Amino acid sequence: MSSIPAFIQSYDRHFGAELMKVVPLQISTLLEPEWGPLSQFPKEDELIEYEDRVLERYEELKKKFGTDQVILLHGERFSVVSVAQRLLRGLDGDDFARAMRPFYRRRFEASTGIDCSGFYKGEQFQSLTAAAILEDFLESPEAARYEEGVRYFFGHRIPE
């Protein structure tokens, strides 16, 4: 979360560049429970107001966690288990859930080392296969060893 002020500074400096259009989605994914007002690309005359809203949310979360040195996803501490739960809940979900599938899959697969290639058959998403993989993980004792707020790579804790 400590990167949010730098995101805003860079966003302000490069506003209007094609690459910057994804920044509100990234900020929202970090700070909001679902894509909300912070995911909306502001018009040029709304930029200051947008930046103020982002920094206000940043300060709220900083106060909530007592620091900005926290790994966030959707306004909560990052958790491998919560990524798996979100992905499972959103298998047949709305546009947000469908858009986030690859994002969650990459984080889940890289964190755990669990092969998620069965999520797709060609271009077609396989929700029953995905559900089976995620449910097996969530029901296993393995899930309990993943600590909230900690990053993992193939099941190994990443040192801070």
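Predicted model: local features only at pLDDT ≥ 70, side-chain atom pairs only at ≥ 80, totals over all residues.

Entry 1: I began with Phe-154, whose place is in the loop between β5 (152-153) and β6 (156-157). Phi of Phe-154 is near 50°, a positive value in a residue that is not glycine. I noted beside this that most residues other than glycine have a negative phi.

**Entry 2: another positive phi.** I next looked up His-74, which has a phi near 60°, again a positive value in a residue other than glycine. His-74 is found in the loop between β1 (72-73) and β2 (76-77). How accessible is His-74? Its relative accessibility is 3%, so His-74 counts as buried, the cut-off being under 20%.

**Entry 3: the chain overall.** I then stepped back to list the elements, and found six helices and six strands in the chain. Starting from the N terminus, I wrote down their order as α-α-α-β-β-α-α-β-β-α-β-β. The C-alpha trace spans about 50 × 35 × 20 Å along its principal axes. Of the 160 residues of the chain, 40% count as buried, and the chain exposes about 9400 Å², of which carbon and sulfur atoms supply 51%. I also looked up how contacts bridge the sequence: among those between residues at least 6 apart, 53% join residues at least 24 apart.

**Entry 4: the nonpolar cores.** Which residues have the most contacts inside the largest nonpolar core? This core has 25 residues, and those with the most contacts inside it are Val-80, Leu-91, Tyr-104, Phe-108, Phe-119, Leu-134 and Phe-137. The elements that give two or more residues to this core are α4 (80-89), α5 (95-112) and α6 (127-139). Apart from this core lies another, of 17 residues, among them Ile-8, Val-23, Tyr-58 and Leu-61.

**Entry 5: α4 against α5.** I wrote first that two packed helices are described by the angle between their axes and the distance between the axes. The axes of α4 and α5 come within 9 Å and cross at roughly 145°, and their crossing is left-handed. On the α4 side, the contact is made by Val-80, Val-83, Ala-84, Arg-86 and Leu-87, while α5 brings residues including Phe-96, Tyr-104, Phe-108 and Ser-111. Sorted by class, this contact of α4 with α5 has seven nonpolar, two polar and four charged residues.

**Entry 6: α4 against α6.** The axes of α4 and α6 come within 10 Å and cross at roughly 145°, and α4 passes α6 in a left-handed crossing. From α4 the contact takes in Val-80, Val-81, Ala-84, Gln-85, Leu-87 and Leu-88, and from α6 it takes in Ala-131, Leu-134, Glu-135, Phe-137 and Leu-138. By class, I noted nine nonpolar, one polar and one charged residues in the contact of α4 with α6.

How values were computed:
Residues numbered from 1 in each chain as written. Heavy atoms only, no water. Core = buried A, V, L, I, M, F, W, Y, C linked by side-chain atoms within 4.5 Å. Buried < 20%, exposed > 50% of the residue type's maximum accessible area, 1.4 Å probe, protein only. Helix = DSSP H or I, 4+ residues; strand = E, 2+ residues; numbered from the N terminus. Axes fitted to C-alpha atoms, helices over the stretch in contact; angles between N-to-C directions. Left-handed = near helix turned anticlockwise from the far one by under 90°. Contact = heavy atoms within 4.5 Å. Nonpolar A, V, L, I, M, F, W, Y, C, P; charged D, E, K, R; others polar. Areas by Shrake-Rupley, 256 points an atom, 1.4 Å probe, with all protein chains shown as cover.
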